[in-house]
Structure formats: structure tokens, C-alpha cells
Amino acid sequence: MKILFVINNFYIPGNGISASARRTVAALKAIGEDVRILAGPNPDPNGPQPEFPLKEFKFPIFQPIIESSGFSYADGDMKMIEKAVRWADVVHLEETFVLQWKAIKVAKKLGKPLTATFHMFPENLIYSLGIGPLRNWKWINRTLLKAWRKHIYNECAFVQCPTEAVLDRLRRYHFKSKLGIISNGIIPDECRRPQTPPEDYLAQDRIFNILYIGRLSHEKDQPTLMEAMRYSKYANRIQLHFAGNGPQAKRYKNKARKMFKEGILAYEPIFSFNTRDELRELAAKADLCPHCAPIEVEGLSIMEAMQQGACPIIAVSPYSGTSQFALDHMCKFPAQNPEALAQRIDYWLDHPQERWEMGLKHSKSMEEYDIKKSAIAFRDALAATL
């Protein structure tokens with residue numbers, strides 16, 4: 001089967017949709033499918049380029065904001081789009097922008113089936129701009145979702161929903177496409193955390209390492225973890241580590257530095273941008289891995305941390321599907337509630353043996369989300385549209 005992925009930039013680093021697409025394409029190729037890419041150029045001129053290349057489209061005035069958000073747009077060269085669509089048996093859309101709308105027009109003209117993955121809630125887009133509380137923008141989020149439904153997703157024969165939360169929401173909005181839950185999947189990795197904790201793990205006076213993996217952006221909500229330190233009885237023994245980069249990096253670093261200088265934090269938080277292998281090592285050694293995002297379709301970063309035996313504490317929100325992966329009520333907290341998060345943190349730090357065992361339990365549960373299983377289910381769903 002010849003599958004065409006339509007995405008603005010397949011190679012850009014630090015973008016969750018691009019990273020997920022790269023993994024899915026690799027997994028599809030590994031099971032024998034012929035997959036090619038219609039996208040803008042790789043930022044690394046020495047790296048691989050899409051089989052159907054488009055030029056980058058740069059927005060006047062807004063380009064710096066777009067780049068700081070880890071995004072890049074491709075132009076809509078109709079000749080290249082038609083060449084790509086003619087090649088394909090099925091056209092798969094990874095986003096809901098102008099490029100995808102143009103690909104839909106060509107695919108309909110040529111009689112090629114369309115499918116899509118629902119990677120992003122409207123709230124992801126609106127909240128990332130930092131324009132105020134979510135409750136103030138419900139009308140624009142509803143309008144945007146309805147526009148996506150009409151102009152993108154209802155044109156598709158099948159829409160991949162990574163989590164139950166996505167499926168439920170699309171059903172409530174009466175999407176016409178066939179909907180199916182298929183995780184984006186994680187690469188199968190051996191858990192580096194041993195089955196029994198080391199001796200120093202149980203020490204009463206040691207420093208606790210709390211790791212948050214994720215882009216430094218409004219929708220990931222790292223400040224809720226920082227604010228939780230105001231309520232935690234262990235604040236003077238906690239080392240916070242934020243692994244990621246993003247448009248809010250300067251703001252979040254300043255906030256962390258201020259809390260340290262005020263004495264709320266005994267240790268200045270660490271900020272780093274790591275390779276995938278480094279993240280695995282950090283997660284395997286972390287005492288806890290909170291995930292505070294109030295808006296999240298799936299949350300591959302916390303899934304990969306859980307794969308390494310990290311005990312998670314995941315935000316529960318109507319705009320997030322990530323909390324479905326939590327295996328205990330103490331591994332969940334109400335989104336944007338730092339006091340509740342502190343209570344969960346203190347509970348797990350009070351119970352080191354149970355915390356270790358809960359981490360290993362989550363690691364075992366991640367085997368269900370092996371990307372090869374996702375790729376097979378995804379391929380079968382696409383084949384059914386032919």
C-alpha cells in the first residue's frame with residue numbers, strides 16, 4: 001500500500017506532531033508499507049528530505065512566534081501536491097491547516113481516499129498563545145473544532161483517535177468519519193529501573209528528584225509544579241528538573257529562579273534539553289514524574305517516562321486524554337491545582353516502596369502501547385478505506 005503523509009514539516013525538532021509522524025512512518029515501513037512524505041524542507045540541509053518537497057512558507061510579523069513554538073509551515077504548491085497525491089493509494093493528513101485543505105481538494109478530484117490523525121485539540125492552539133484562561137475562549141474553540149470537522153475531518157474515511165478522550169469528544173461533535181482508537185504508540189524499550197530499589201532510595205534524608213518532561217509552553221503548565229512546592233512538606237528536599245525547550249523557556253526559568261531566591265525552593269531547578277536516550281536515563285532515576293498539562297491529546301513524553309518505571313502524577317482535565325494511563329487515583333490530580341498536586345507528591349514521597357512498585361506497574365502497562373501494534377492497527381484501518 002502506498003501511503004502519503006501530508007504534514008507541514010516532518011523533520012522539525014521539538015514538535016510533537018512531527019516526532020509522532022516520524023515514528024509512525026518508521027513503524028509502517030518496518031511492516032512493509034511504502035510511505036512517502038509531502039512536506040516542507042528539513043531544517044538540517046544535510047539531513048533527509050521529503051520525497052515530495054515543498055518550500056517553507058514564512059509569515060510576515062508572526063514568523064518568530066511560529067518558530068519559537070517549534071513549528072514550520074509549508075507552501076501550497078499545487079503541482080507538487082497533485083504529483084504526490086497521484087502517487088498514493090491513500091492520503092493521510094497529520095494536521096488541519098491550508099496544506100491539508102489543498103491536499104483534500106486534489107484527493108477528491110483524483111478519487112483518492114483520505115484519512116487523518118487527530119493530534120491536536122483547538123485548545124492546544126489557542127492556549128499556546130497565552131491569551132487567557134480556557135474558560136474565556138470556549139466559543140472560539142467550539143468554532144474552530146466545527147470548522148475542522150467540516151473542512152478536514154468529515155472529508156476523511158477514517159480518523160485515528162489516540163485516546164478515549166478524543167473519541168468521546170469527536171462523537172459529541174457528531175463527526176461523520178469512521179473513528180477508531182489507535183495510540184500513536186511508543187518505541188518498545190527495556191525498563192532501566194531495577195526490580196528492587198537501591199539502598200539509598202529508602203534513606204530518610206536524601207534529595208528527591210522530581211522530573212517534568214515536556215515543551216516549555218503554556219499548555220504543558222510547568223508553573224503548576226513549581227507552585228505545588230509552596231504546599232509540599234518536602235519542598236526543602238526536592239530538586240525539580242524540567243527537561244524540554246519551548247517558547248516559555250525564559251519566563252519559566254525566571255519564575256524558578258525567583259522561587260529559589262525567595263527560599264520556597266531549597267535547590268534551584270534544573271532546565272535541560274535532552275536526547276531521547278538521556279530522557280530514558282533521567283526517567284529511570286526520577287522519584288516522580290508529574291504531567292501537569294490541562295490540554296493533551298495523548299502525552300507520549302509521560303508515557304515514555306512511565307516506560308522507564310517512573311511513578312506518574314497526571315493532571316485530569318476535560319481537554320486531556322493522558323490521565324487514562326494512570327493506574328491509581330493517587331497518580332492523578334485536578335489540573336491546575338498545585339495544592340492537590342503537592343498532596344499527591346507528599347503521599348508518594350511518604351511511601352517509597354509503594355512508589356517504586358507503582359512505577360514498575362506503570363512500566364508494565366506501557367507494553368500495550370508498542371508502536372508496532374499501533375502501526376499494524378493503523379495500516380489495517382487505512383487498507384479498509386481502499
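**Entry 1. Terms and model**

I call a residue buried under 20% relative accessible area, exposed over 50% and partly exposed in between, using a 1.4 Å probe and protein chains only. The model is predicted, so I take local features only at pLDDT of at least 70 and side-chain atom pairs only at pLDDT 80 or more, while totals for chains, interfaces and linings use all residues. Residues are numbered from 1 along each chain as its sequence is written, and side-chain values use heavy atoms, with hydrogens and water left out. Helices (H or I, at least four residues) and strands (E, at least two) are DSSP runs numbered from the N terminus.

**Entry 2. Strand β15 and its partners**

I looked up strand β15 (residues 312-316) and found four of its five residues buried, so the strand is largely enclosed by the rest of the structure. For pairing I require that DSSP finds at least two bridges between two strands. Strand β13 (residues 289-291) pairs with β15 in the parallel sense over three bridges, and Cys-289 has Pro-312 of β15 as its bridge partner. Strand β17 (residues 332-334) also runs parallel to β15, joined to it by three bridges. There, Ile-314 has Lys-332 of β17 as its bridge partner.

**Entry 3. The seven-stranded sheet**

I then traced an open sheet of seven strands, paired in parallel, in the order β3-β2-β1-β6-β7-β8-β9. Its edge strands, β3 (52-53) and β9 (178-181), each pair on one side only. Within the sheet, β1 (residues 2-6) and β6 (residues 90-93) are parallel and share four bridges. Phe-5 stands opposite His-92 of β6.

**Entry 4. Helix α11**

I checked burial along helix α11 (residues 300-307): seven of its eight residues are buried, so the helix is largely enclosed by the rest of the structure. The buried residues are Leu-300, Ile-302, Met-303, Glu-304, Ala-305, Met-306 and Gln-307. With contact taken as heavy atoms within 4.5 Å, their cover includes α1 (16-30), β10, α10 (276-285), β13, β15 and α13 (352-365). Just after α11, Gly-309 takes a positive phi of about 85°.

**Entry 5. Gln-239**

I located Gln-239 in strand β11 (residues 238-243). Gln-239 counts as buried because its relative accessibility is 16%. Its side chain reaches the backbone oxygen of Glu-268 at 2.9 Å. Apart from neighbours within four places in sequence, Gln-239 is in contact with Ile-207, Phe-208, Asn-209, Ile-210, Tyr-267, Glu-268, Pro-269 and Ile-270.

**Entry 6. Positive phi outside glycine**

His-174 lies in the loop between α7 (164-172) and β9, and counts as exposed because its relative accessibility is 62%. Asp-221 is likewise not a glycine and has a positive phi of about 60°. Asp-221 lies in the loop between β10 (208-213) and α8, and counts as buried because its relative accessibility is 8%.

**Entry 7. The second largest pocket**

Grid points are joined across faces, edges and corners, and a volume is the space filled by probe spheres set on the points.

The second largest pocket has a volume of about 230 Å³. Helices α8 (222-228) and α9 (249-261) are the elements that give two or more residues to its lining. Asp-221 is one of the lining residues, which also include Tyr-127, His-218, Glu-227, Arg-251 and Lys-255.

**Entry 8. The two cavities**

I found two cavities of 30 Å³ or more. Helices α1 and α14 (371-383) are the elements that give two or more residues to its lining, and α14 provides the largest share, four residues. Counting Ala, Val, Leu, Ile, Met, Phe, Trp, Tyr, Cys and Pro as nonpolar, Asp, Glu, Lys and Arg as charged, and the others, Gly among them, as polar, I read this lining as three nonpolar, eight polar and one charged.

The second largest cavity has a volume of about 30 Å³. Its lining includes Ile-17, Glu-95, Met-120 and Tyr-153, and divides into three nonpolar, three polar and two charged residues. Glu-94, Thr-117 and His-119 are among the residues lining the largest cavity and also among those lining the second largest cavity.

How values were computed: 1 Å grid on protein atoms, 1.4 Å probe; cavity = no way out; pocket = protein on both sides within 12 Å on 5 of 7 lines; lining within 4 Å. Polar contact = N/O pair within 3.5 Å; in protein donor to acceptor, adjacent residues only side chain to side chain.
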